[in-house]
Amino acid sequence: MKRPILIHPDPRLKKVCAAVPDLSDALRMLADDMLETMYDAPGIGLAAPQIGVMDRLIVLDCVKEEDGTARPLAMFNPTVVAASDDVNVYEEGCLSIPEQYAEVTRPKVVDVEWIDRDGNTQRETFDGLWATCVQHEIDHLDGKLFIDYLKPLKRQMITRKMQKLKRERARG
Ligand code: ZN
């Protein structure tokens, strides 16, 4: 089931999410809902707080090629366990900050550990767009948005645009 995506500014996007204690069918269903919501948007990543659920859960699929095979990943309690000194600059966007993009610098390669939907611990090295995306989504679990990396003036400009967008949407 598709879920509505929260738009910045929203207090739920600024909170630190709680670790998921045990996997359950309800949590697996939540992950499925998040993947459906992400693909529909369309986007390459989504974090639970973006749909108002304060659990440490992210989903992503950075396969962008038209003929590429989808690789939907659901990560419970993901953590970056190692990061390269090498950095990458990507123009990032966010489903909670529609149509706003800015360059963000992050480690180029990261090792991430998480619990998969079967309850097994996984560890994998991510590079390029995958590395940027997984770091962006994990940030969401700590109440951090990509605009928090920008200069205050630019961040305020984007926030004002989003406030205007929300007012317009509320009016219908
Ligand atoms: Zn985001």
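Select Gly43 and show its surroundings: leaving aside residues up to four places away in sequence, Gly43 touches Met38 and Leu95, where contact means heavy atoms within 4.5 Å. The model is predicted, so local features need pLDDT of at least 70 and side-chain atom pairs count only at pLDDT 80 or more, while totals for chains, interfaces and linings use all residues. Residues are numbered from 1 along each chain as its sequence is written, and side-chain values use heavy atoms, with hydrogens and water left out.

Stay on Gly43 and colour by secondary structure. Gly43 sits in the loop between α1 (25-40) and β1 (45-47); helices (H or I, at least four residues) and strands (E, at least two) are DSSP runs, numbered from the N terminus. Gly43 counts as buried because its relative accessibility is 18%; buried means under 20% relative accessible area, exposed over 50%, and partly exposed in between (1.4 Å probe, protein chains only).

Next, select Cys94. From Gly43 to Cys94 the C-alpha to C-alpha distance is 8.1 Å, across 51 residues of sequence. Cys94 is buried as well, because its relative accessibility is 10%.

Cys94 in strand β4 (residues 87-94) and His136 in helix α2 (residues 128-141) are 42 residues apart, a pair that links distant parts of the chain. His136 counts as buried because its relative accessibility is 7%.

Hide the side chains and select the sheet. Five strands make up an open, antiparallel sheet in the order β1-β2-β3-β6-β7; two strands pair if DSSP finds at least two bridges between them. At the edges are β1 and β7 (121-127), each pairing on one side only. On average, neighbouring strands of this sheet are turned by 40° against each other, direction ignored.

Zoom in on β6 (residues 109-115), which is joined to antiparallel β7 by seven bridges. Glu113 has Arg123 in β7 as its bridge partner.

Finish with the helices. α1 lies across β1, β2 (57-60) and β3 (73-83), at about 40° to β2. α2 lies across β1, β2, β3, β6 and β7, at about 155° to β2. Axes are lines fitted to C-alpha atoms, for helices over the stretch in contact, and angles run from 0 to 180 degrees between N-to-C directions.
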